[in-house]
Amino acid sequence: PHTWAQTFDLKHSVSLVIFTNVAITVLCSILVKYQTREDKSEREDEMKRDEEAGSPASGLHVWNLTKIYETTGKIAVDNVSFHIGSGEVFTLLGPNGAGKTSIMDVLTGAHACDTGEITLDDKTLGDAGKSLVEGVAGYCPQYDALFDNLSVDENIHTCARVKGMDLDDPIVCEHIAGIKLILGLEAHRHKRAAFLSGGLRRLLSLSISVIGNPKVHTMFKKLW
């Protein structure tokens, strides 16, 4: 046969069809292997540039991040890589369903990624869920996750305890007091969260996310 259609024509030899399928499979395997080697080479080159700049592997590195939801089979994040230097502000922009929230969930440890690697200052981030509790990451989600029946102080203190902070420590108390003062929550410390305005609820969520001075802080902000 001389055309693609003739290759799969039943009038021709079945062995040719098998040979064609095998050849395609081998070719795809070679392409995947080449791409993986190319990604590794790019990673090594970037780390080398960091070392030459005097800041080896500093900041947050995300390598080939992929997240697939098992229930739907949907690929939420597809092979995403980026680097955020220490002290930098990095923004993810995109329409609904682009994968922004999924990326932040993986960065904070709320969810595990299917493939890829995340390092912070040359150290691989822990398993899913640990980054938030250990205070490595802080997350201010799109919707305020507050205990409505608790006061401002009680909300903050509860989350501080979850992060393993000792509320009897004067340094911790000073740290929390400073956050409330900067965000203007001191005057509302005894109010229940249910009775706060939308703006104050947002500030309370922000204060909870920055408790413990996390190395990585993520915040979801709708633009419309």
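Is Thr66 buried or exposed? Buried, with a relative accessible area of 12%. The cut-offs: buried is under 20% relative accessible area, exposed is over 50%, and partly exposed is in between, using a 1.4 Å probe and protein chains only.

A word on the model. It is predicted, so local features need pLDDT of at least 70 and side-chain atom pairs count only at pLDDT 80 or more, while totals for chains, interfaces and linings use all residues. Residues are numbered from 1 along each chain as its sequence is written, and side-chain values use heavy atoms, with hydrogens and water left out.

Back to Thr66. This residue sits in strand S1, residues 60–69. Setting aside neighbours within four places in sequence, Thr66 contacts Val77, Asp78, Asn79, Cys113, Asp114 and Thr115. Contact here means heavy atoms within 4.5 Å.

Now the overall layout. There are 7 helices and 6 strands. These are DSSP runs numbered from the N terminus: helices are H or I with at least four residues, strands are E with at least two. From the N terminus, the order is α-α-β-β-α-β-β-α-β-α-α-α-β. Of the 224 residues, 33% are buried. Take the contacts with a separation of 6 or more: 58% join residues 24 or more positions apart.

Next, a helix pair. H5 spans residues 152–162, H7 spans 198–210, and they pack at about 25° with axes 9 Å apart. That makes H5 roughly parallel to H7. Axes are lines fitted to C-alpha atoms, for helices over the stretch in contact, and angles run from 0 to 180 degrees between N-to-C directions. Under 35 degrees is roughly parallel, over 145 roughly antiparallel, 65 to 115 roughly perpendicular, and the rest oblique.

Who meets whom? From H5, Val152, Asn155, Ile156 and Cys159; from H7, Leu204, Ser207 and Ile208. By class, that contact has 5 nonpolar, 2 polar and no charged residues. Nonpolar means Ala, Val, Leu, Ile, Met, Phe, Trp, Tyr, Cys and Pro; charged means Asp, Glu, Lys and Arg; the others, Gly among them, are polar.

Last, the cores. A nonpolar core is a set of buried Ala, Val, Leu, Ile, Met, Phe, Trp, Tyr and Cys residues joined through side-chain atoms within 4.5 Å. The largest has 20 residues, and Ile156 and Leu204 touch the most other members. H5, H6 (170–182) and H7 are the elements giving two or more residues to this core. Beyond four places in sequence, Ile156 contacts Ile176, Lys180, Leu204, Ser207, Ile208 and Ile211. A second, separate core has 13 residues, including Phe82, Ile84, Val106 and Ile118.
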